[in-house]
Structures are given as C-alpha cells and as structure tokens.
Amino acid sequence: MDFRVGMDSRQQAGPPVPPQVAYQQPTAPRLEPPPAYAEYPPNPDPKAVYPNLPPLPNAVPHPHPVQQQPMPHLQGVRPTTVYVGSVAFSSHGQPLHCTTCQQEIMTRVAPKPGLLTYLLCGGLAFFGCWICCCIPFCVEGAQDIEHFCPKCNRFLGTYKRI
Ligand SMILES: [Zn+2]
C-alpha cells in the first residue's frame with residue numbers, strides 16, 4: 001500500500017485542516033539568585049546572643065580535684081617493654097623481652113630456607129644452572145632468619161625476606 005498517495009488524496013479531498021499553532025517551548029519562570037547569607041560572626045559575643053546570662057566566674061575550683069600522687073609500690077621498678085601483637089624482626093639479633101623466661105635478651109638468629117631461597121633455586125635451575133641452584137641454601141642473605149631466646153631457646157619469630 002502506498003501511503004503517500006493516500007495522504008495526498010486526503011489533503012486534496014478532505015476538509016480543510018486548521019492551521020497548526022506553532023509549538024512554543026514553555027518558559028520556566030526566571031529564577032532569582034537566593035539572597036546572600038549573612039556573614040557568620042567568627043566570635044559571637046555570648047552577651048549579645050544570651051543577654052540574661054550570669055557572668056562566668058574566672059576560676060572555679062573543681063569539686064573533686066585529681067591529684068597526681070606517686071605510686072609507692074611502683075617506685076624503683078624498672079619499666080619493662082611489653083610487646084603486644086607481632087614484633088617486627090630484623091635480619092640480625094635484636095633486644096627483646098622473652099615472655100617465657102621473663103628476661104631482656106638479645107635474640108639468637110639462625111638462617112632457614114624461605115620463599116626467596118626456593119625462588120632463587122628454581123630460577124637458577126630454570127635457566128640451566130643446575131650446579132649453582134644450591135647456592136641460595138648456603139647464603140644467609142637468601143634465607144629467612146629465625147630468632148630464638150639464647151637462654152631458654154624459645155622460638156620467638158622469623159624475619160622473612162619475602
Ligand atoms: Zn627466654
């Protein structure tokens with residue numbers, strides 16, 4: 001079906017079409033900018049805001065003053081370091097408080113193969129250096145470091161290279 005022919009015949013034979021009013025874009029009411037805010041006073045005078053306030057006394061003694069009194073049972077006690085949570089270990093011996101023997105000790109370190117050791121070994125083996133792949137197990141710098149208490153030999157922690 002040819003619609004164009006039908007439309008043409010309707011315009012010619014149909015009743016006169018009323019002239020269409022051009023569409024007008026509805027205009028929004030013009031908005032006025034809001035009035036500017038009054039400048040906030042930086043230091044408002046409480047007397048101006050609350051004129052009936054009684055005058056504040058300059059110095060009011062606290063009803064229950066806290067007095068710093070030395071604790072007699074703690075005098076002469078050397079403060080001890082309490083480690084809460086994990087301790088960041090280094091690659092060398094470090095001062096630490098052993099919680100087993102309750103003494104301040106310098107940790108004894110011992111190398112132990114870690115992730116870096118095996119990665120280096122695998123990398124050397126991957127590139128065909130089969131003879132050299134055991135070298136990381138002999139180098140302390142390529143291994144993790146375990147920390148022990150020198151008095152009670154308790155394991156304290158590990159310094160991991162990776
Ligand atoms: Zn210990």
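Strands, like helices, are taken here as DSSP runs numbered from the N terminus, with at least two residues (E) for a strand and at least four (H or I) for a helix, and two strands are said to pair if DSSP finds at least two bridges between them. The structure is a predicted model, in which local features need pLDDT of at least 70 and side-chain atom pairs count only at pLDDT 80 or more, while totals for chains, interfaces and linings use all residues. Residues are numbered from 1 along each chain as its sequence is written.

Strands S1 and S2 form a hairpin with 4 residues between them, and their pairing is antiparallel, over 4 bridges. Within this pairing, His-97 has Glu-104 of S2 as its bridge partner. The loop that joins S1 (95–98) to S2 (103–106) contains Gln-102, a residue that is not a glycine and yet has a positive phi of about 55°. Most residues other than glycine have a negative phi. Gln-102 is exposed, with 9 other C-beta atoms within 10 Å (exposed denotes 12 or fewer such atoms, buried 20 or more, and partly exposed the range in between, with C-beta atoms placed from the backbone).

A positive phi, of about 60°, is also found at Asn-153, again not a glycine. Asn-153 lies in the loop between strand S4 (144–148) and strand S5 (155–159), and it counts as exposed because it has 10 C-beta neighbours inside 10 Å.

Over residues 115–139 the model is 48% helix and 0% strand, with the end C-alpha atoms 14 Å apart.
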